[in-house]
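Here is a short briefing for a first look.

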Amino acid sequence: MQIKIVNTSGHDLPAYETNASAGMDLRANLSEPVVLKPLGRAIIKTGLFIELPVGYEAQVRPRSGLAAKKGITVLNSPGTVDADYRGEIGVILVNLSAEDFIVENGERIAQLVIAKHERAEWMEVETLSETSRGAGGFGSTGVK
């Protein structure tokens, strides 16, 4: 599929790193570094603007290496870019570590996954069908 994109960042367009990759890395577009204090958060702009077809969303997700090694993740994960949004893609980063983290211009900060979605139509009823699980949730299916 082709997606229209405007790139004001000066960085390469997001790209799949391998043939089987689901996500493309997003890079910070900064005029100066941003310091994320422990438990601090900031919206980091990417310089990217996209036009998705209706029926698709772009999901902004954390990068596993940044999360595991530095404690940096995407706060509203996954963040959704809707098909009718035309603004700049921003990433809400949060520092869950005990140390300052400096976000540099061009740093890979998140990944973007393009996903098809459905629109639901509610059908209000009085009861739902029975299942063996029933209303059990939040760990009700076992410990292991």
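Which residue in β9 is the bridge partner of Ala-42? The partner is Leu-93. This is a predicted model, where local features need pLDDT of at least 70, side-chain atom pairs count only at pLDDT 80 or more, and totals for chains, interfaces and linings use all residues. Residues are numbered from 1 along each chain as its sequence is written, and side-chain values use heavy atoms, with hydrogens and water left out.

**Terms**
- Strands (E, at least two residues) are DSSP runs, numbered from the N terminus.
- Two strands pair if DSSP finds at least two bridges between them.
- Strands of a sheet pair through backbone hydrogen bonds, either parallel or antiparallel.

**Three-stranded sheet**
- β4, β9 and β7 form an open sheet in the order β4-β9-β7, with antiparallel pairing.
- β4 (41–45) and β7 (72–74) are the edge strands, and each pairs on one side only.
- The twist averages 35° from one strand to the next, using axes fitted to C-alpha atoms and angles from 0 to 180 degrees between N-to-C directions.
- Five bridges join β4 to β9 (residues 90–95). Arg-41 stands opposite Val-94 in β9.
- Three bridges link β7 and β9. Ile-72 has Asn-95 in β9 as its bridge partner.

**Four-stranded sheet**
- The order in this open sheet is β2-β11-β6-β8, and the pairing is antiparallel.
- β2 (24–27) and β8 (79–81) each have a single partner strand, so one side of each is left without a neighbour in the sheet.
- Neighbouring strands here are turned by 35° against each other on average, direction ignored.
- β2 joins β11 (residues 108–116) through four bridges. Leu-26 is partnered with Ala-110 in β11.
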